[in-house]
Amino acid sequence: MYRVDFAVDTDDGSGTQRVEQWDYERDPERPARLRGSGTLRAQAFRAEDDTAPTTWWRVVNPASLNGDGHARSYEIVNEGSRDPYRTLTRPEISFTNDHPCQEYASGNLNAGCPNQSVSDYVAAETAPLTDPVAWVSVGYHHIPRDEDQSPMPVHWQSFSLVPRDLLAQQAVTPAERSCDNGLTTGAIGSCAAISAGPPTIAVDRATPASGALLTADTGTWRVTRTTLSYQFLWLRDGAPIFTTGEDGLPTAATGETYRLTDADVGHRITVQVTASAAGVIPGSATSAPLTVPAPSAVLPPSSGAVRIQPKLKLKLKKSRNGRPRLRIVVRGDHGPGEGVVLIRRQGRTIATAVLRGGRVVVRLPRVGKRYRVKVVYPGDQRYLKVTAKARVPRS
């Protein structure tokens with residue numbers, strides 16, 4: 001038997017806890033539905049020995065309210081079994097007020113209540129239930145087995161304390177549903193800015209280098225209840241990029257465009273887009289990285305060398321999260337290709353990658369429909385430029 005003392009309180013200590021018993025009966029108009037009613041139990045009590053399986057109890061403080069104005073409480077869910085031969089265990093639950101001397105369910109050792117049990121505590125209680133303590137009976141069982149010998153294991157039943165109305169909404173409510181607050185009909189548009197496709201970066205030249213102009217789009221977002229506004233932040237290797245402002249102070253690189261500098265060479269450039277609106281929870285999404293190759297990664301054709309056409313092979317795969325991956329291989333009679341490859345969609349460069357041993361794997365964006373990409377290998381001192389296309393299936 002467990003002794004449970006509750007603390008459903010308010011910040012200022014106002015209000016008193018009380019015990020409610022809820023009993024249910026079938027709705028005569030809708031037999032498949034049970035209809036319940038709560039009864040305030042103002043005095044200490046022991047539950048009936050044959051309590052209906054649909055009866056339950058809760059300890060509630062009417063002055064302790066959640067964000068919706070509902071009183072907080074704890075429901076007691078008991079899965080214990082009754083022992084018909086032991087009177088003390090027959091009620092599922094008993095309630096008394098909190099008394100320091102009442103420590104044990106039976107054969108109490110505290111000198112203030114010597115040798116008393118729960119039934120004695122209930123019988124002696126005369127004050128109204130304002131500081132309730134629950135005595136919850138559980139129990140155990142053992143079914144003999146051939147391999148048993150002393151000591152033998154037993155299997156315990158259990159009970160749960162279920163919080164009711166502690167929060168205005170349950171903690172697992174997704175952000176996009178949070179403004180519905182329990183409505184089942186839903187509402188038009190998401191409550192939060194949720195990315196449906198990351199932003200992409202376009203480059204104004206075939207190979208990104210210092211001086212190249214990058215242009216970002218917003219990506220795609222779920223429809224919200226109002227028009228979203230967007231803020232752009234450019235990142236170098238995951239950290240914000242700072243430029244020198246007109247006042248000579250460092251200024252974060254923002255806006256839809258960014259011009260590459262010498263400091264970006266050999267690094268990965270991304271853009272982070274934050275979407276927000278009045279009454280909508282903001283959200284952020286980050287583009288795929290754009291690698292700015294070092295000068296040694298893009299070599300000019302050497303004078304007098306004969307460049308030949310390499311083979312450019314593409315193979316699509318899916319990652320565990322469903323995002324498409326494109327495996328790119330550049331190889332010819334002179335060995336693996338060197339330098340970078342560019343991935344373009346609808347005329348814009350959406351990603352660049354540096355070849356390692358003539359191959360690289362690039363993650364492509366998910367856009368909810370089929371689309372085509374064009375892979376461009378600009379060539380190196382041994383190989384000519386070559387292109388290939390791939391169709392990305394709907395993800």
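# Briefing on a predicted single-chain model

The accessible surface of the chain comes to about 22,700 Å², and 50% of that area belongs to carbon and sulfur atoms. The model described here is predicted, and the chain in it has 1 helix and 31 strands. Its radius of gyration is 35 Å, well over the 21 Å that the globule rule gives for 395 residues, so the chain is more spread out than a compact globule.

**The chain as a whole**

- Taken along the principal axes, the box that the C-alpha atoms of the chain fill is roughly 105 × 65 × 50 Å.
- Of the 395 residues of the chain, 35% count as buried.
- Among the contacts in the chain with a separation of 6 or more, 62% are accounted for by residues 24 or more positions apart.

**Nonpolar cores**

- In soluble globular proteins, nonpolar side chains tend to be buried together.
- The largest nonpolar core of this model holds 23 residues, and those that touch the most other members are L214, W221, L228, W234, Y258, L260 and I269.
- Two or more residues of this core come from each of the strands β13 (201–203), β14 (213–216), β16 (229–236), β21 (268–277) and β22 (280–286), and β21 gives the most, with 5 residues.
- Not counting residues up to four places away in sequence, I269 touches I201, L214, W234, L235, R236, I241, L260, D264, A288, P289, L290 and V292.
- A second, separate core has 22 residues, including I350, A351, V362 and V386.

**Buried residues in loops**

- N108 is found in the loop between β7 (93–97) and α1 (118–124), and with a relative accessibility of 1%, under the 20% limit, N108 counts as buried.
- The residues that N108 touches, leaving out those up to four places away in sequence, are C101, Q102, E103, C113, P114, N115, Q116 and Y121.
- T55 is found in the loop between β4 (45–46) and β5 (56–65), where T55 also counts as buried, at 9% relative accessibility.
- Apart from its neighbours within four places in sequence, T55 is in contact with Q21, W22 and D23.
- From C-alpha to C-alpha, T55 and V373 are 63 Å apart in space, and they are 318 residues apart in sequence.

**The loop between β9 and β10**

- P144 has its place in the loop between β9 (140–141) and β10 (155–156), and P144 is exposed, with a relative accessible area of 67%.
- Although P144 and V154 are 10 residues apart along the chain, their C-alpha atoms are separated by 10.0 Å.
- P151 is found in the loop between β9 and β10 as well, and the peptide bond that leads from S150 to P151 is cis, with omega near -5 degrees.

- D237, a residue other than glycine, has a positive phi, near 55 degrees.
- D237 is found in the loop between β16 and β17 (239–240), and at 46% relative accessibility D237 counts as partly exposed.
- Q346 is not a glycine either, yet its phi is positive, at about 55 degrees.
- The place of Q346 is in the loop between β27 (340–345) and β28 (348–354), and Q346 counts as exposed, at 70% relative accessibility.

**A strand residue: R259**

- R259 lies in strand β20, which covers residues 257–259, and R259 is partly exposed, with a relative accessible area of 45%.
- The C-alpha atoms of R259 and G211 are separated by 5.8 Å, while the two residues are 48 residues apart along the chain.
- Leaving aside neighbours within four places in sequence, R259 is in contact with G211, A212, L213 and D264.
- D264 is also among the residues that I269 touches.

Note on methods
Residues are numbered from 1 along each chain as its sequence is written. This is a predicted model: local features need pLDDT of at least 70, side-chain atom pairs count only at pLDDT 80 or more; totals for chains, interfaces and linings use all residues. Side-chain values use heavy atoms; hydrogens and water are left out. Helices (H or I, at least four residues) and strands (E, at least two) are DSSP runs, numbered from the N terminus. The radius of gyration is taken over C-alpha atoms; the globule rule is 2.2 Å times the number of residues to the power 0.38. Buried means under 20% relative accessible area, exposed over 50%, partly exposed in between (1.4 Å probe, protein chains only). Contact means heavy atoms within 4.5 Å. Accessible areas come from the Shrake-Rupley method with a 1.4 Å probe; for residues, only the protein chains shown count as cover. A nonpolar core is a set of buried Ala, Val, Leu, Ile, Met, Phe, Trp, Tyr and Cys residues joined through side-chain atoms within 4.5 Å.
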